[in-house]
Structure formats: C-alpha cells, structure tokens
Amino acid sequence: MIAIRNKTKAAPPEWARTIRAVRRKLRLSQAELAEKLETSAMAISRWERGEFEPSADAYLRLGKLMGDPLCWFFWGRAGLSTADVMRVLPKAGRRLRQDRIPTVQVVHAGAEKMLPAEKESFVAIPLLPVRAATPGEKGDMVADLDQLKPEGMLAAPKKWCPNPTSTISLLVKGSSMSPLILDGYIIAVDTSDTAHDDLIGKIVVAWNREQGLLVSRLIRFDHTDVLVSDHREYVSVSLATESLWRVIGRVLWWTGLAS
C-alpha cells in the first residue's frame, strides 16, 4: 500500500473519489467491499479519504470486480496499459480499435479525379487531447492513452507510420527539446516500439503516474537507461525499475506551425 497522507482538507484525489463511487454503485458497505478485495474495512476507508492509495494488486482486483469500461481506469493506476492487457487478451482490442483508424479520402490537388485506391498511401493518425511535456515541464497525467477519444485526425504518408494501428499523435508542452521539437508541436508516437535496446539515442515518450507524460531522448550510461533533454542543463530521469517510469513509445516524427 502506498502512503499518501493528506495533511490538509483538500478534496480527495480522483482515484479516491472513484473508489467511493464504485462502492456506492455496487451498494456495498466498506466491510463488504473489503471482503471482496481481500483487505480490511479500515483500508477501504483510508482509500476513500485519499490517505493511502491502493497497491497495484488491489487496483487489479478493483478492475476485475468492475469490468469494462471502468476496469481500464483501475488497471491504469496499477501500471498496466491497454497494450499490456491486449497482449494477454487480444480480443479486447476489437472494441478499442473500432473507428480508431478511419478510412481516409485522399484528394490530390489539381487532379480531375482521384487516383486508384492502391496508390493512396496515406493513413489517419488519431490526435489525442493530451500534452507530453519536455524536461522542465509537467505533462498530463493520463495513464492509458488507448482509452482516450481522439479530438482529431492527421493524414500522414503510410511510409512514415510502420505500425499505423499503434500510432498516435500528441501535443507537446515546453521547448527543452528545441530546436527539433518546440512548444505546441504535434508528435507521432509508435506505441508498439518500446524495447529499450532498440530505442537508445531515439526520442521517446515515457510516463510516470506522479510526473505524467514526458518526451525526451533515451540514453544508456553504464547499463543504466535515462531520459535526457537536448539541453543538458536539465536533470536526467532514470528508468531504473524502482523509478516506475515506463516507455510509451518511440517518436516517429513531428510537425508544427511556423512561428
């Protein structure tokens, strides 16, 4: 169990309010919910007040108890992504991928008619309503990007997206990855490309539930993987297991308006 003692009377965090709402929806007392989760009524009380956050195991049990769609919130708090679950339960991807990559009608300027379908080499990349921060800023706290509804679509050449169904786009907050990536730019991220050995020297997006989404470069120093800014005055972030940072995917390309 992770201790998060609240010394003020601030409103409980979202996870605490959600647990309380879940218990009331199920019409269970704290003792009854505790029995189902194999914990104590005191633990449930502390969770709902936001004094202590449930362990990963408790979040997994909550997700299993609630089922789709709320399970994804709890599993995300446990550190699991939709991609993690889909590797075990591939059928779950059918619901999540519906309408994610719509058909793109490609119009060629100056052409009297559209080219044959086999020559249409564009794919649609969902633009998600979140920001990944560069070092020195704090990104959005979203744990599971697969659960977000896109706010728009970007058409991109197919050859730019080796894994179209696993590619998303995000807004960038901050300029400490300049001159390559500036504040307000859009980055395309391949969420299937997460193996550290293949990403050394590449720009990636990583996530930590306390710091949110971070876009920076993955470097390896003496067998230790770290995230660094292209401006070296910023402190690097260790990806050691105890840091609880997780690589979301590789940044494929970026785009933005001219200043």
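Trainee: Where is the place of Glu 38?

Mentor: Glu 38 sits in the loop between H2 and H3. Helices (H or I, at least four residues) and strands (E, at least two) are DSSP runs, numbered from the N terminus. This is a predicted model, in which local features need pLDDT of at least 70 and side-chain atom pairs count only at pLDDT 80 or more, while totals for chains, interfaces and linings use all residues. Residues are numbered from 1 along each chain as its sequence is written, and side-chain values use heavy atoms, with hydrogens and water left out.

Trainee: How many helices and strands does the secondary structure of the chain come to?

Mentor: The chain has 8 helices and 11 strands.

Trainee: What phi does Glu 38 have?

Mentor: Glu 38 is not a glycine, yet its phi is positive, about 60 degrees. The residue comes just after H2.

Trainee: Is Glu 38 exposed or buried?

Mentor: Buried means under 20% relative accessible area, exposed over 50%, and partly exposed in between (1.4 Å probe, protein chains only). Glu 38 has 61% relative accessibility, so Glu 38 counts as exposed. Look also at Arg 27, in the loop between H1 and H2. Arg 27 has a positive phi of about 60 degrees and is not a glycine either. Its relative accessibility is 77%, so Arg 27 counts as exposed.

Trainee: Which are the buried residues of helix H2?

Mentor: Helix H2 covers residues 30-37, and its buried residues are Leu 33, Ala 34 and Leu 37. Seen down the axis of H2, these buried residues fall within an arc of 105 degrees, so they line one face of the helix. The arc is that of the directions from the helix axis to the C-beta atoms.

Trainee: What do the buried residues of H2 pack against?

Mentor: They pack against three helices: H1 (14-25), H3 (41-49) and H4 (56-66).

Trainee: In what sense do strand E8 and E9 pair?

Mentor: Two strands pair if DSSP finds at least two bridges between them. Strand E8 (residues 212-221) and E9 are antiparallel, with 5 bridges. To locate one of these, find Thr 224 in E9, the bridge partner of Phe 221. E8 and E9 form a hairpin with 2 residues between them. In that turn, Asp 222 has a positive phi of about 50 degrees.

Trainee: How many bridges join E9 to strand E10?

Mentor: E9 and E10 (residues 237-238) run antiparallel and are joined by 2 bridges. Here Val 226 stands opposite Ser 238 in E10.

Trainee: Which peptide bond is cis?

Mentor: The bond from Ser 178 to Pro 179 is cis, and its omega is near 5 degrees. Find Pro 179 in the loop between strand E5 (167-173) and strand E6 (186-190).

Trainee: Where is Thr 134 found?

Mentor: Thr 134 is in the loop between strand E3 (122-133) and strand E4 (152-157). Thr 134 is buried, with a relative accessible area of 0%. Contact means heavy atoms within 4.5 Å. Leaving aside neighbours within four places in sequence, Thr 134 is in contact with residues including Val 172, Met 177, Leu 214 and Val 215.

Trainee: Which residues does Ile 186 touch, not counting residues up to four places away in sequence?

Mentor: Among them are Leu 127, Leu 154, Trp 253 and Trp 254. Ile 186 belongs to strand E6, and at 15% relative accessibility Ile 186 counts as buried. Compare sequence with space for Ile 186 and Ala 132: they are 54 residues apart in sequence and 9.6 Å apart, C-alpha to C-alpha.

Trainee: How many disulfides does the structure hold?

Mentor: A disulfide is a covalent bond between the sulfur atoms of two cysteines. The test is a pair of cysteine sulfur atoms within 2.5 Å. The structure holds 0 disulfides. Cys 71 is buried, with a relative accessible area of 4%, and Cys 161 is buried, with 2%.

Trainee: What percentage of the 259 residues in the chain do buried residues make up?

Mentor: Buried residues make up 41% of the 259 residues. Of the contacts in the chain with a separation of 6 or more, 62% are between residues 24 or more positions apart.
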